[in-house]
Amino acid sequence: MVIFWDIDGTLMYCGSDGTKALNETFEEMYNIKDAFSKAGIGHAMDAMILEKIMGKFNISESDLIKIETAYLRNLENILKNDESKRVLPGIRELIYYGEREGHVNSLLTSNMKTGAYAKLNSVDLGGHFIGGGFGDIKGEKWDIAEIALAELEILTSKKYKPTDVVIIGDSGYDIKTAKKQGYHVISVSTGWTDKEDLKKADPDILFESLEDTGEIIKVIKNMSRGE
């Protein structure tokens, strides 16, 4: 079974470090303060966020690599000094369970790949995932999920049906992605989305946290058996 993990609010907590790094980058490079809010961005992949900010302030596409490099540097510095960042309860145990049982722990995140691994490496989680879908590609999360699954089939030399996949995430975006692709979805209210809003989005199952690993494992086992 493929387990697609979201990062922020699911695997780990690092507050708004990503937004801080983004804002710092545009302020130091272009003297634009609070670029994220000024661009009027909702929930989107990082590539789309950067495109919207750059379009709003007429920044040339040729600057993109410099922006991404500065963003990564700022993010790593912010994470290094963030004493509140942490792996969320139950996560390490669930990742180890997936490895023992031969499941594929992968990633499905709005973060650019470099940013995703900066966050994961800051809490020693970076070495546990195979492939994944990241916010470098323009599109929606469900588009990235389809690409990521196709790439995993190459990496693992296996074919996966939609019912062989579960997304574990903390947002309605994760639920919508799973429904569009026919995947299972486990929602957890440890992120920014209110529990009642997650419930309205109708996930397969909703937990307040992933701390009760025995119960989560039972759900994953049932999903892997098609129950």
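Biologist: Leaving out residues up to four places away in sequence, which residues does Asn23 touch?

Modeller: This is a predicted model, so read every value as computed from it. Beyond its sequence neighbours, Asn23 touches Ile32, Asp34, Ala35 and Phe36. Asn23 itself sits in helix H1.

Biologist: Is Asn23 buried or exposed?

Modeller: Buried means under 20% relative accessible area. Asn23 has 16%, so Asn23 counts as buried.

Biologist: Take its partner Ala35. Where is Ala35 placed, and what does Ala35 touch outside its sequence neighbourhood?

Modeller: Ala35 belongs to helix H2. Not counting residues up to four places away, Ala35 touches Asn23, Phe26, Ile53 and Phe57. Ala35 is buried, because its relative accessible area is 0%.

Biologist: How many Å separate the C-alpha atoms of Ala35 and Glu208?

Modeller: The separation is 32 Å. Along the chain, the two are 173 residues apart.

Biologist: Now Asp34, another partner of Asn23. What should I read from its phi?

Modeller: Phi of Asp34 is near 55°, a positive value in a residue other than glycine. Asp34 lies in the loop between helix H1 (17–30) and helix H2 (35–38). Its relative accessibility is 36%, so Asp34 counts as partly exposed.

Biologist: Where does Asp124 lie, and what is its phi?

Modeller: Asp124 is in the loop between helix H6 (113–121) and H7. Its phi is positive, about 60°, although Asp124 is not a glycine. Asp124 is exposed, because its relative accessible area is 61%.

Biologist: On to helix pairs. What describes two packed helices?

Modeller: Two numbers: the angle between the axes and the distance between the axes. The crossing of H7 and H8 is right-handed.

Biologist: Which residues of H7 and H8 meet?

Modeller: H7 brings Lys141, Trp142, Ala145 and Glu146. H8 brings Tyr173, Asp174, Lys176, Thr177, Lys180 and Gln181. By class, this H7 contact with H8 has five charged, three nonpolar and two polar residues.

Biologist: How do I read helix H5 against helix H10?

Modeller: The axes of H5 (residues 91–101) and H10 (residues 213–224) come within 10 Å and cross at roughly 35°. H5 passes H10 in a right-handed crossing. On the H5 side, the contact is made by Glu93, Leu94 and Tyr97. On the H10 side, it is made by Thr213, Ile216, Ile217, Ile220 and Lys221. The contact of H5 with H10 has five nonpolar, two charged and one polar residue.

Biologist: Last, the nonpolar cores. Which residues touch the most other members of the largest one?

Modeller: Those are Trp5, Leu11 and Phe26, in a core of 51 residues. Phe26 has come up already, as a contact of Ala35. Another core lies apart from the largest one. This other core has 20 residues, among them Ala148, Val165, Tyr183 and Val185.

Terms used: Residues numbered from 1 in each chain as written. Predicted model: local features only at pLDDT ≥ 70, side-chain atom pairs only at ≥ 80, totals over all residues. Heavy atoms only, no water. Left-handed = near helix turned anticlockwise from the far one by under 90°. Helix = DSSP H or I, 4+ residues; strand = E, 2+ residues; numbered from the N terminus. Contact = heavy atoms within 4.5 Å. Nonpolar A, V, L, I, M, F, W, Y, C, P; charged D, E, K, R; others polar. Core = buried A, V, L, I, M, F, W, Y, C linked by side-chain atoms within 4.5 Å. Buried < 20%, exposed > 50% of the residue type's maximum accessible area, 1.4 Å probe, protein only. Axes fitted to C-alpha atoms, helices over the stretch in contact; angles between N-to-C directions.
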